[in-house]
Amino acid sequence: MSRHRLETLTFDNSYARLPDAFYAKVNPTPFSSPPHLISVNPAAAALIDLDPAEAARPEFAGVFGGSLLVPGMEPLAMLYSGHQFGVYVPQLGDGRAILLGEVVNARGERWDLHLKGAGMTPFSRDGDGRSVLRSAIREYLCCEAMHGLGIPTTRALCLVGSDDKVYREQIETGATVVRMAPSHVRFGSFEVFYYRKQHEQLTRLADYVIDGHFPHLREAPETYARFFDEVVERTAKLVAQWQAVGWAHGVLNTDNMSILGLTLDYGPYGFMDDYDPGFICNHSDHNGRYAFNQQPYIGLWNLSCLAQTLLPLAPREELKAALDRYHERFDAHYRGLMRAKLGLLQEQPEDEALLAELQSLMAESRVDYTIVWRELGTFSTEAGATNDRLRDHFLDRNRFDGWAVRYRERLAREQSRDEERRQRMDRVNPKYVLRNYLAQLAIEKAQQKDYTEIDRLLTLLQNPFVDQPGMESYAAPPPNWGKHISVSCSS
């Protein structure tokens, strides 16, 4: 495979220095047709000190489309296993993604460059190793949408397309997306060595992750138990953030859980339009295992699988104690986030009931989740104010009026000021989210070689809390067809 020099990239491939049991060395498979650059994300490029001017060179698409390598890259497919829909699968691994290498920026930060859609690897099983343009666009945009919302996530560097045909539910064109993270180690990375009884490799992996990402634990007593406790904390906080913005992952298998507490592997995800606690975004999830309101429980279930793998390294009682703290931590994070969404500064015992009643009203009326939270910031505490614009979202207006009286009284007790509170609420209740129909419109244009909507959404979603002139339509409820888009694991 030929090589191209991107002068600003400095590689130090620590994962490639682990034993061969951790991965398979494999180069990307080039497309049969010349790849072309669809979009590049300057914010992600800045993280690895990549000169944006490089994107203008034709070789750029070659490197990130899988046909060229940069000196210093050591491509490999990572090994892992995992519980998929509750059933253990002994070997998974990177079946359509390749870790090109790890870039170290001028600040000493490490970033994996993970090429998704890179072709077959030894872990592809019956797959073709490719991503379709549709799924690559969805991942590219949602990585940056989640980052804009302040939610830990992999990042997206660029999107490269081709004219190669890929077969899924229909014939589509292939594409690659470069995702970035400090590490792509998953819960399943630990599971594979535990279930193979390869405890030496399990210890090696734990030490690698701790040294690279939890170095403050290295000299702590019960290092591995403390490590697990921090993973519990990060996971609890992450899931609470998903719940607060109304986002469902869709496939929360253990191989899709980041050891660093990042949102990982964007497939059939969905931001809720109409509020439905039982929202299922993946049409393949027939039993609703990964429904929106199940995510907090699934976070704990997946952590229990990870705890199992650490039994050779840490005392059972310490691991169980960390698991037992999950609900308390999730609840604390969630309460704090929802209190901020309500515009409340102080925690009071009645807040939980106030929130629960509002959510019940929202579910009863199937209100638009994002819009109603944003408009709650306009709530007026002035005498005689009816808050009609907000009130009209609800079918049972009398019930809403009763709730509004309690909310107004609650605000008065902390001497809340309307304008100051609105500004605060607007910083936590987004105006724009990546609704499925917005992604679909960008996909349909891209399939006609018009990529302008991708860049427009990328810019919009990087600042989701700020009113953006001329973009009001992007904050509107979806059209009826946009509420019924079918999204599956191949998405």
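Let me begin with the helices α7 (295-309), α9 (326-341) and α10 (351-365), each of which supplies at least two residues of the lining of the second largest pocket. Helices here are DSSP runs of H or I with at least four residues, strands are runs of E with at least two, and both are numbered from the N terminus. This is a predicted model, in which local features need pLDDT of at least 70 and side-chain atom pairs count only at pLDDT 80 or more, while totals for chains, interfaces and linings use all residues. Residues are numbered from 1 along each chain as its sequence is written, and side-chain values use heavy atoms, with hydrogens and water left out.

To return to the pocket, its definition is as follows. On a 1 Å grid over the protein atoms alone, a pocket is an open set of points with protein on both sides within 12 Å along at least five of seven lines; a cavity is a set where a 1.4 Å probe fits but cannot get out; and lining residues have an atom within 4 Å of a point. Points are joined across faces, edges and corners, and a volume is the space filled by probe spheres set on them.

The second largest pocket holds about 500 Å³ of space. Of its 25 lining residues, Tyr334, Arg335, Met338, Leu355 and Gln359 lie nearest the centre. Helix α9 gives the largest share of this lining, with 7 residues. By class, the lining has 14 nonpolar, 5 polar and 6 charged residues, where Ala, Val, Leu, Ile, Met, Phe, Trp, Tyr, Cys and Pro count as nonpolar, Asp, Glu, Lys and Arg as charged, and the others, Gly among them, as polar.

Is helix α7 enclosed or open? It is largely enclosed by the rest of the structure, because 11 of its 15 residues are buried; buried means under 20% relative accessible area, exposed over 50%, and partly exposed in between, with a 1.4 Å probe and protein chains only. Among the buried residues of α7 are Pro296, Ile298, Leu300, Leu303 and Leu306. The end C-alpha atoms of α7 are 21 Å apart, in agreement with the 21 Å that its 15 residues should span at 1.5 Å a residue; the expected span is 1.5 Å times one less than the number of residues.

Next, the hairpin. Strands β6 (residues 97-104) and β7 (residues 110-116) pair in the antiparallel sense over 7 bridges, pairing being called when DSSP finds at least two bridges between two strands. Val104 has Arg110 of β7 as its bridge partner. Between the strands are 5 residues, and in this hairpin Gly108 takes a positive phi near 85°. Strand β6 is mostly covered, with 7 of its 8 residues buried.

Phe85, in the loop between β4 (82-84) and β5 (87-89), has a positive phi near 50° and is partly exposed at 33% relative accessible area. Asp265 also has a positive phi, of about 65°, but is buried at 12%. Arg435 lies between α14 (418-426) and α15 (436-446) and is buried at 1%. Leaving aside neighbours within four places in sequence, Arg435 is in contact (heavy atoms within 4.5 Å) with residues including Asp273 and Asp368.
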